Amino acid sequence: MVLSTLHTGSAADTIIRLGDMYVEPYMIASGLLFVITQRLVKLNCSYCKVEEEISHRIKSALGAKQNEKFYVGEGCTRCGGTGISGRVLVYEFMRITQVLQEAILGGASTAEVNRLAVKGGMQPIFECAMTYARQGDISLLEVYRTLAGKGFC
């Protein structure tokens, strides 16, 4: 088994990136087992988190309801005044199924690979991050800063 890293925006982008590196589609389809896309995001300090004041524009951009509440670390002695108590991984795990193998062999686009992966059970990285935000573990602004400008939303 070989593990490797590539700089891509999403799990589905990896398929296109491998093609750009002159890996034949049949080799991608038969040799790739799964792809993980990951980002580290800042965890709110649980001792000083307060309700986050976030613009309607950002809430709308992220698909959050205007009345939803989100939280951010304010800063205290336990977190050294940063409002942050470490980091947590947000990720998407794309298993290469028979359906995805056929799509890769057929030259499917990134959008189509992503659609098929989600249909097959993959949770997009954005949804993973929003789950943490809705639980109060990370701020909504952190989701926006980490993912919105990178095409995940």
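**Figure 1. The aromatic pair of the predicted model.** In this predicted model, the count of aromatic ring pairs comes to one. The partners are F34 and F93, whose ring centres lie 5.1 Å apart. Their planes stand at 25°, and planes under 30 degrees apart count as stacked, so the pair is described as stacked. F34 belongs to strand β1 (residues 34-44), whereas F93 belongs to strand β4 (residues 84-95), so the pair ties together parts that are 59 residues apart in sequence. F34 has a relative accessible area of 31% and is therefore partly exposed. F93, with a relative accessible area of 30%, is likewise partly exposed.

**Figure 2. Helices α6 and α7 and the residues between them.** Helix α6 covers residues 125-134 and helix α7 covers residues 140-147. Their axes come within 9 Å and cross at roughly 160°. Angles over 145 degrees count as roughly antiparallel, and α6 and α7 are therefore roughly antiparallel to each other. The crossing in which α6 passes α7 is right-handed. On the α6 side, the contact involves I125, F126, A129, M130 and A133. These residues meet L140, V143 and L147 of α7. By class, the residues of this contact comprise eight nonpolar, no polar and no charged.

**Figure 3. Residue E142 in helix α7.** The view shows E142, which is placed in helix α7. Is E142 buried or exposed? Its relative accessibility is 6%, and under 20% means buried, so E142 counts as buried. When neighbours within four places in sequence are left aside, E142 is in contact with V41 and K42.

**Figure 4. Helices α1 and α5 and their contact.** Helix α1 (residues 11-20) packs against helix α5 (residues 110-119), with the two axes 8 Å apart. The angle between α1 and α5 is about 140°, which makes α1 oblique to α5. The crossing of these helices is right-handed. Which residues of α1 meet α5? They are A12, D13, I15 and I16, and their partners in α5 are T110, V113 and N114. The contact of α1 with α5 contains four nonpolar, two polar and one charged residues.

**Figure 5. Residue Y22 in a loop.** Y22 is found in the loop between α1 and α2 (25-31). Although Y22 is not a glycine, its phi is positive, at about 65°. The relative accessibility of Y22 is 74%, and over 50% means exposed, so Y22 counts as exposed.

**Figure 6. The whole chain, as a setting for the close-up views.** How many helices and strands does the chain have? The chain contains seven helices and four strands. Read along the sequence, these elements follow the pattern α-α-β-β-α-β-β-α-α-α-α. The C-alpha trace spans about 55 × 30 × 25 Å along its principal axes. Of the 153 residues in the chain, 37% are buried. Among contacts with a separation of 6 or more, 74% join residues 24 or more positions apart.

Definitions and conventions. Residues numbered from 1 in each chain as written. Predicted model: local features only at pLDDT ≥ 70, side-chain atom pairs only at ≥ 80, totals over all residues. Heavy atoms only, no water. Axes fitted to C-alpha atoms, helices over the stretch in contact; angles between N-to-C directions. Helix = DSSP H or I, 4+ residues; strand = E, 2+ residues; numbered from the N terminus. Parallel < 35°, antiparallel > 145°, perpendicular 65-115°, else oblique. Left-handed = near helix turned anticlockwise from the far one by under 90°. Contact = heavy atoms within 4.5 Å. Nonpolar A, V, L, I, M, F, W, Y, C, P; charged D, E, K, R; others polar. Phe/Tyr/Trp six-rings, centres within 6.5 Å; stacked < 30°, edge-to-face > 60°. Buried < 20%, exposed > 50% of the residue type's maximum accessible area, 1.4 Å probe, protein only.
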